[in-house]
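Dear colleague,

Please find below the structure for your records. The notes that follow set out what was found in it.

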Amino acid sequence: MLAGLLDAARWSAAFSEMDTFWAGFAVTLQVVVAGLALSLVLGVLLGVLSTTRSKVLRGVTRVYVEFFQNTPLPVQVLFMYMAGPQFLQALTGADQPVRIAPFVLGFLGVGLYHAAYIAEVIRTGIEAVPRGQMEAARSQGFSRVQAYAYVILPQTFKIILPPLCNQALNLVKNTSVLALVAGGDLMYRSDNFVSLYGYLQGYLICCLLYFIICFPLALLVQRLEKRSKERPRAKVIPGITSEPAPASTKEA
């Protein structure tokens, strides 16, 4: 096994197929960007709704979060892959099932899945903001929507940036689920290479390309966590903030 991994001929065959790996890498990046956008928009909406006074809205968000957090992502994607075309056929009245593009399945799958986790992150962040902030905003004439947009959410994002970046990191790795539905992503193309040639170098290249995406995000998470633990420094305003006066010396 080790000799095969170090075989120069196998590595040469793997590098000769780099165009295929880069094509899968591009598909993965596209799914990541679209999935992140969907999960952020939906996650913020669900997170805000989960903190409202309406029991119905809180109940709907709770059902969504519990369902997606407690069912496996591969099962969700395979269900959309098998049942989605039939649902679209019934909705559109088409003569046959409407095929869903693998890219759409990918970003919908990871986007809807991680929206549930981001909603929980947003909810805990909003609850960490003192309630007096909302009351103060309302007393100044802000509506609840304006108070969330201009007062609550800006403070919330400062609190939740580290766990939010962790969710982005997990989303990148979970895009590999597209390989189950022949999505043309990085994992699918790497698996095809290994199946065709029997060389495990394809998986090593796959890991390296995922590392290129994930490692900068991991460094960002570490930096944000470090900054969140630092105490904010007081701002020095010229002409107002002065240096502390030195202690007076005792007379002999």
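Which residues form a nonpolar patch on the surface, and with how much accessible area together? The patch is formed by Trp22, Leu208, Phe211, Ile212, Phe215 and Leu219, with about 580 Å² of accessible area together. A patch is made here of residues with over 30% relative accessible area and no salt bridge, where nonpolar side chains (Val, Leu, Ile, Met, Phe, Trp, Tyr) are joined within 5 Å and like charges within 9 Å. Accessible areas come from the Shrake-Rupley method with a 1.4 Å probe, and for residues only the protein chains shown count as cover. Helix α10 (residues 201-229) provides the largest share of the patch, 5 residues. Phe215 lies in this helix, α10, and is partly exposed at a relative accessible area of 39%. The term partly exposed covers the range between buried (under 20% relative accessible area) and exposed (over 50%), with a 1.4 Å probe and protein chains only.

Before the remaining findings, a note on the source. The model is predicted, so that local features need pLDDT of at least 70 and side-chain atom pairs count only at pLDDT 80 or more, whereas totals for chains, interfaces and linings use all residues. Residues are numbered from 1 along each chain as its sequence is written, and side-chain values use heavy atoms, with hydrogens and water left out.

Overall architecture

The protein has 10 helices and 0 strands. Helices (H or I, at least four residues) and strands (E, at least two) are DSSP runs, numbered from the N terminus. Of the 252 residues, 37% count as buried. The accessible surface comes to about 15,800 Å², and 63% of that belongs to carbon and sulfur atoms. Among contacts (heavy atoms within 4.5 Å) with a separation of 6 or more, 74% are accounted for by residues 24 or more positions apart.

Salt bridges

How many salt bridges does the count come to? The count is 4, where a salt bridge is a side-chain nitrogen of Lys or Arg within 4 Å of a carboxyl oxygen of Asp or Glu. One of them joins the side chains of Arg62 and Glu66 at 3.1 Å, N to O. Both residues lie in helix α4 (residues 55-69), 4 residues apart, which is about one turn of the helix. Arg62 is partly exposed at 30% relative accessibility, and Glu66 is partly exposed at 37%.

Glu127 is exposed, with a relative accessible area of 52%. Salt bridges that share partners join Arg62, Glu66, Glu120, Arg123 and Glu127 into one network.

The largest pocket

The largest pocket has a volume of about 440 Å³. Of the 14 residues that line this pocket, Thr51, Arg131, Met134, Arg144 and Tyr148 are the closest to its centre. Helices α6 (102-128), α7 (131-139) and α8 each supply at least two lining residues, and α7 gives the most, with 4 residues. On a 1 Å grid over the protein atoms alone, a pocket is an open set of points where a 1.4 Å probe fits, with protein on both sides within 12 Å along at least five of seven lines; lining residues have an atom within 4 Å of a point. Grid points are joined across faces, edges and corners, and the volume is the space filled by probe spheres set on the points.

Individual residues

Gln167 lies in helix α8 (residues 144-174) and is buried, with a relative accessible area of 13%. Leaving aside neighbours within four places in sequence, Gln167 is in contact with His114, Tyr117 and Ile118.

Ala182 is found in the loop between α8 and α9 (186-197). Ala182 has a positive phi of about 55 degrees although it is not a glycine, and is partly exposed at 40% relative accessible area.

Met82, in helix α5 (residues 73-92), is exposed at 55%. Met82 and Ile100 are 18 residues apart in sequence and 9.7 Å apart in space, C-alpha to C-alpha.

With kind regards
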